[in-house]
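Hi everyone, thanks for coming along.

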Amino acid sequence: MTQTIESPPVPLKVNTLDNVGKNYKNLSNEDIVELCLNGSISMKDLDSLIHNPLQVVEVRRELLRTQCRSENISTSFYESLPYKDFDFSHVVGTCCENAIGYLTVPLGIAGPLIVDQKLTFLPIATTEGALVASISRGSKVINESGGVETFLMADSMTRAPCVKFPTLARAIDAKGWIESPEGKSAIAKEFSTISRFASFTDIRAFPVGELLYLRLSATTGDAMGMNMISLAAGKMLSVMKNAGFDDMITVTLSGNVCSDKKASAINWIEGRGKSVAAQARIPKDLVEKMLKTTPQALIELNTSKNLIGSAVSGAIGGFNAHASNIVSAIFLATGQDIAQNVESSSCITTMSLVENDLQISVTMPSIEVGTVGGGTNLQTQGSLLDLLDVRGPNPENPGQNAQKLAKIVAAAVLAGELSLCSALAAGDLVRSHLDLNRRK
Ligand code: ADP
C-alpha cells in the first residue's frame, strides 16, 4: 500500500481557545467576537467568562452586528440602542439575558394626585400621547374634591402546582387532607424555612379526574412574590409526599390555576397579589365646570360602556375604560413585571349619585407589584419608586411599601377613568343631559 505524505496543516488564522489561552482578560473585543463566531464560546456564556458586564454588552453588540451583516439584516440598532451609562451588573442573572443595551421610553409625570391625603407625583412611562394629560386632568378634579381614599382588601400571591394520582379517589383524599387544619398547619410550618417574609394564608385544591390543582396563597412582604411562592409550592409537595401521598406525581409546579399572566376568572373573583379599591366624591359643580359633563351623564356612560358593554363582550375583569393604560405605564416606570399587566389591570369602575355629586370607585382584585427584587433594583426604576416613597423593603412593616404602591396604582387608575369617561360623556350624552337639566 502506497502511503501519501500529507502536507502539514495550514495554521488557522482564526483564534481558538488553544491559541489564545483562557485568559479572557487579555483578549480584545474583536478576539472574543471571533471566538464566538467560530463556536469556541457561546453568546450565553459571555457573562460567566468575562467579568466586566459592560464589556460583555460591547462584545454582544459587535457579534450581533457581524451576524446581521452576514445575513443582510439591518444593523441600525448599533447606532440607535444606547448602552453606556448603564449598570449592567443589576441586569445579569436577574433581569435580562444576552443584554445588548437598554430601551428608551418617554417618562412623563402625571398629577400630582392626593392619595390618602398625600400629594403623589405619578411616573408614567408611555408612548401614548394624551395619557399623562388625561391622568393629570382627572387628578386635578379629584384634588379639588379632596383626593382619593384607597383600601387594601387582601394581600396574597398564589402558585398552583398540578399533581396526579392513580385515581380520582386519591385526588379527593389529598384535597381533604391539604384543606384540613392538620394539612394547612403542616404547610404553614414549612414557610419558616423559605423566607422570613413569606407567610402562609391559604390553600385550595381543585380536583379534575386524577389531577389535582393546589392553589397556594401567601403574603410575600414587599416582593411581588413569584420566586418565594414557587419555592413554597415545591416544599408543599414534599410535605404532602411525606404525609402519605407518595403515589402523587408532580405534573408541573405551575398548573395555570395560579393564574399568572393570563386572564382568568379565578384572579378576578379570588384576587391575586393586592386586592385594592379606591374612591372619590366629585361635587356636581366641579364635574360640570372642570369636566364639562354632568354626574348623570357620567353614570349613564359608565353603565352603558363599562358595565353593559363589557358584559356583552364577555369580559373577565374588563369593566373599565382604560385601566390597563395606567397600570402598564406605572409598571414600566417602577420596574414591575410588565406581563402581569394582564391580571393587574382587572378593574370594575362604578359610579353613583350621592346628593347630586358623583361618587366614583375602582375595584381591582389582582394588582401584582413589589418594591424589592427584579426590575425594582434598576437605578432609574428605583428612583421612581423613591418618588413614590416606596423604594425597597419597608423596615418597620414588611409588605407595606408594596401595598402602598398597589394603592397608588389604583388611585391613578381612578384619575384616568374619571378623565376618559368624562371626555366620552361630554359628547352628545352630556348635551342631552344639560338640555334636560335646564328644562327643570
Ligand atoms: P420575588 O419573589 O418577587 O420574585 P425575589 O425573590 O427576587 O422576589 O426578591 C425577594 C428577595 O428580597 C428575597 O431574597 C427576600 O429575602 C428579600 N427581601 C428583603 N426585604 C424584603 C421584604 N421587605 N419583603 C420581601 N422580600 C424581602
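When I say polar contact, I mean a pair of N or O atoms within 3.5 Å; within protein, one must be able to donate a hydrogen and the other to accept it, and residues adjacent in sequence count only if both atoms are side-chain atoms. Before the contacts, two housekeeping points. This is a predicted model, where local features need pLDDT of at least 70, side-chain atom pairs count only at pLDDT 80 or more, and totals for chains, interfaces and linings use all residues. Residues are numbered from 1 along each chain as its sequence is written, and side-chain values use heavy atoms, with hydrogens and water left out.

So, on to the ligand. The side chain of Asn227 has an N or O atom 3.0 Å from a ligand oxygen. Gly225 brings a backbone N or O atom to 2.6 Å from an oxygen atom of the ligand, and for Asp222 a backbone N or O atom sits 2.8 Å from a ligand nitrogen. The protein buries 71% of the 560 Å² that the ligand exposes when taken alone (Shrake-Rupley method, 1.4 Å probe).

Cys36 is buried at 11% relative accessibility, where buried means under 20% relative accessible area (1.4 Å probe, protein chains only). Cys162 has its nearest cysteine sulfur in Cys258, 10 Å away, and Cys162 is buried too, at 4%.

Technical notes: Buried < 20%, exposed > 50% of the residue type's maximum accessible area, 1.4 Å probe, protein only. Disulfide = S-S within 2.5 Å.
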